[in-house]
Amino acid sequence: MTSPAPAVRRKRPAKPQFTQTILVLEAFCVLFATLTAYGLRVASAGVVWGVGGALALLLLVASGLVTRRGGYLFGWVLQGWVVAAAVVLPSVARDIAVVVALVFVGLWVAALRLGGRIDRERAEYDAAHGLGPGGAAPA
């Protein structure tokens, strides 16, 4: 007697998965940068924690919103805010903060482009092989 074929698990779309990962990693980076700014006393503690904490929290919230309408746009807006926050830092930390912020913008662009490409190629493969959406076998 043969055993039944294992159930095919539905594939999670790559684009939201990649972008969510980038936003969460960026939130942690912003949190650590906030700790550094607090330690360097670049501004009053309230300002440092207000700006850095709010930005880190918004990045975490945005990671949950990327699958909703306007989620990717919100991610783009936050990328701009992170770069702007890096630019207004004092010269002691500005250079490295701007570099790190621009690296995250590059990762955001890569996540959007590569994730979208992977999702399109998966859809083409599934259509060519008679699979349903997400790679599941039709019922």
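The structure is a predicted model. Its protein chain has 4 helices and 0 strands, and the order of elements from the N terminus is α-α-α-α. Of the 139 residues in the chain, 27% are buried.

**Helix packing**

- Two packed helices are described by the angle between their axes and the distance between the axes.
- Helix α3 covers residues 71-87 and helix α4 covers residues 91-128.
- The axes of α3 and α4 come within 8 Å, and they cross at roughly 165°.
- An angle over 145 degrees counts as roughly antiparallel, so α3 and α4 are roughly antiparallel to each other.
- The crossing of α3 and α4 is left-handed.
- Helix α3 can also be paired with α1: the axes of α1 and α3 come within 12 Å and cross at roughly 25°.
- An angle under 35 degrees counts as roughly parallel, and α1 and α3 are therefore roughly parallel to each other.
- The crossing in which α1 passes α3 is left-handed.

**Nonpolar surface patch**

- Six side chains are listed for this feature: F28, L31, F32, L35, Y38 and W49 make a nonpolar surface patch of about 570 Å².
- One of the patch residues is F32, which lies in helix α1.
- F32 has a relative accessibility of 52%. The cut-off for exposed is over 50%, so F32 counts as exposed.

**Residue R41**

- Where is R41 found? R41 sits in the loop between α1 and α2, and helix α2 covers residues 45-65.
- The backbone of R41 has a positive phi of about 55°, although R41 is not a glycine.
- Is R41 buried or exposed? With a relative accessible area of 60%, R41 is exposed, because the cut-off for exposed is over 50%.

**Points to keep**

- The chain holds 4 helices and 0 strands.
- Helix α3 is roughly antiparallel to α4 and roughly parallel to α1.

Conventions: Residues are numbered from 1 along each chain as its sequence is written. This is a predicted model: local features need pLDDT of at least 70, side-chain atom pairs count only at pLDDT 80 or more; totals for chains, interfaces and linings use all residues. Side-chain values use heavy atoms; hydrogens and water are left out. Patches are made of residues with over 30% relative accessible area and no salt bridge: like charges are joined within 9 Å, nonpolar side chains (Val, Leu, Ile, Met, Phe, Trp, Tyr) within 5 Å. Accessible areas come from the Shrake-Rupley method with a 1.4 Å probe; for residues, only the protein chains shown count as cover. A salt bridge is a side-chain nitrogen of Lys or Arg within 4 Å of a carboxyl oxygen of Asp or Glu. Helices (H or I, at least four residues) and strands (E, at least two) are DSSP runs, numbered from the N terminus. Buried means under 20% relative accessible area, exposed over 50%, partly exposed in between (1.4 Å probe, protein chains only). Axes are lines fitted to C-alpha atoms, for helices over the stretch in contact, and angles run from 0 to 180 degrees between N-to-C directions. Angles under 35 degrees count as roughly parallel, over 145 as roughly antiparallel, 65 to 115 as roughly perpendicular and the rest as oblique. A crossing is left-handed if the near helix is turned anticlockwise from the far one by less than a right angle, and right-handed if clockwise.
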